[in-house]
Amino acid sequence: MFLIFLFSLVMLLCGCSPVETAGGVSEETNSVSGVLVAADGNFARNVVIHARHSAKSDQLFVDTTDENGAFGFSIKEYGEYVLSSHKAGQAIYETFVYTGSDLKMSSKMTTVKTIQGNLVLDGVSSPEDAKVGIPGTDWVSSVKPTGYFVLSNLPLGTYNLTVSSPDRERFDDAEYTLVLEADSYWLNGPLPRGIVHSEPVDVSVNSKGVSYNGVSEITLPMIDVDYKIQYVWTMDSVLALPSDSGTGYYLLDDMGHETETVFLYEPEFTEGVDGKAIRFVASDYAAVDTSGFLDVDSLTELSIEGFFKFNNPEAFAVGEFQKNILSKRSDDYIEEMIGVSLISGKCGAVEPRLAFYSVNVNNPTCEYMAVSQRAVPAGEWIYVVLTWRRGIAKIYQNGVLTGRIDTGLRWMENISKPLYIGGDGLDFEMDDVRFGFKEISSAEVLYRYYKRLGGQL
């Protein structure tokens with residue numbers, strides 16, 4: 001009855017009515033067959049076992065093992081399948097790929113654990129109506145109005161944990177990588193649904209938990225897709241037209257802000273990550289008048305994200321240097337400053353690295369800089385996120401936190417100069433730059449990295 005109940009929940013989650021097909025170990029038409037072994041090494045007898053297509057939930061095959069633990073499925077459609085079952089304190093979760101040739105398997109059950117926890121949404125939306133489960137299996141739990149959920153009889157191992165969104169206007173479906181061990185667990189995510197990992201992406205963005213009495217208590221945040229974005233510059237919808245003075249260009253960003261941006265030369269558009277990018281070479285620069293929409297008066301949080309490609313960072317790898325990429329300052333140039341630089345030969349950077357600073361004095365020194373622990377690759381696009389909240393500056397590259405420092409500056413005000421881009425001798429390109437007035441968390445950074453790029457960088 002418990003299996004039937006869970007199976008019904010899966011059907012509600014996917015919104016389909018699958019046709020169950022029993023393979024039958026005695027049938028000669030079985031294309032996939034195997035032997036199921038219990039955790040103690042003996043044959044797992046009379047165990048109901050499922051095989052479900054990972055992309056088509058209606059492709060479901062069911063069989064019951066015989067006295068020798070044998071099972072079989074008459075699968076005809078190519079693709080990846082999930083093999084799952086649980087009985088008497090043991091369970092199995094495996095994936096296999098059917099390519100048309102007969103496939104023989106040997107599978108072993110493990111002991112089980114229960115996880116329980118809470119789904120937390122950023123905002124006022126209720127988590128009720130969301131579902132938490134393991135894709136392709138009968139392990140699915142509805143979320144209570146309080147956010148509580150529970151999944152029982154989960155096998156030890158590594159697999160994906162999916163959360164369906166209760167509010168699709170504000171939240172996407174999310175996926176976690178769950179590593180369930182006998183006495184602890186690792187949880188990675190949230191990631192956009194459909195991103196599959198056999199291992200955690202990076203320890204620095206994982207949460208490790210300890211189980212008590214066989215129960216793991218976990219918290220799953222759902223990511224709000226908006227972080228108070230003020231300015232979006234995709235380069236694809238940039239309208240570059242000479243200004244009235246003939247010395248600059250009116251650029252229209254994706255949020256409809258018309259600003260006068262002064263270029264030393266006519267902007268050069270190149271091939272970006274997705275569509276067009278803008279390239280700055282040598283003394284090329286832009287001075288973006290951000291008054292009215294990028295007002296940082298009394299600012300306490302800031303996030304900047306975008307794609308950057310540095311074509312010649314090795315040219316500055318000798319000696320000490322600091323070259324600004326983005327910078328914004330006060331009128332007198334000695335009050336509050338915030339900026340992004342490429343540095344080398346200082347602040348522990350032995351090769352070109354990104355540095356992010358916020359400071360209330362001119363010529364920022366290392367004590368005010370968050371310096372990335374990753375070198376900047378030459379000629380490769382990297383996804384960069386810079387966050388600042390009450391003095392804590394952070395740098396992320398390709399979804400991973402690579403630099404952090406407390407600059408001591410708790411808020412910013414009167415930074416009235418334009419946003420300067422380039423002009424410091426670098427050869428770099430940028431694409432899809434966004435500014436927001438809310439700090440993006442490490443989970444949100446990873447989520448956005450996979451959502452926007454599929455984790456291909």
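Among contacts between residues at least 6 apart in the sequence of the chain, 62% join residues that lie at least 24 apart. The model under description is a predicted one, and its chain contains 2 helices and 34 strands.

Although Phe437 and Ile229 are separated by 208 residues in sequence, their C-alpha atoms are 6.5 Å apart in space. The relative accessible area of Phe437 is 18%, and this residue is therefore classed as buried, the cut-off being under 20%.

The structure holds 1 disulfide, in which Cys347 is joined to Cys366 with an S to S distance of 2.0 Å. The link of Cys347 and Cys366 is left-handed, with an angle of -85° about the S-S bond. The pair connects distant parts of the chain, 19 residues apart, with Cys347 in the loop between β27 (337–344) and β28 (353–359) and Cys366 in the loop between β28 and β29 (369–371). With a relative accessibility of 21%, Cys347 counts as partly exposed, and Cys366, at 34% relative accessibility, is likewise counted as partly exposed.

Definitions and conventions
Residues numbered from 1 in each chain as written. Predicted model: local features only at pLDDT ≥ 70, side-chain atom pairs only at ≥ 80, totals over all residues. Heavy atoms only, no water. Buried < 20%, exposed > 50% of the residue type's maximum accessible area, 1.4 Å probe, protein only. Helix = DSSP H or I, 4+ residues; strand = E, 2+ residues; numbered from the N terminus. Contact = heavy atoms within 4.5 Å. Disulfide = S-S within 2.5 Å.
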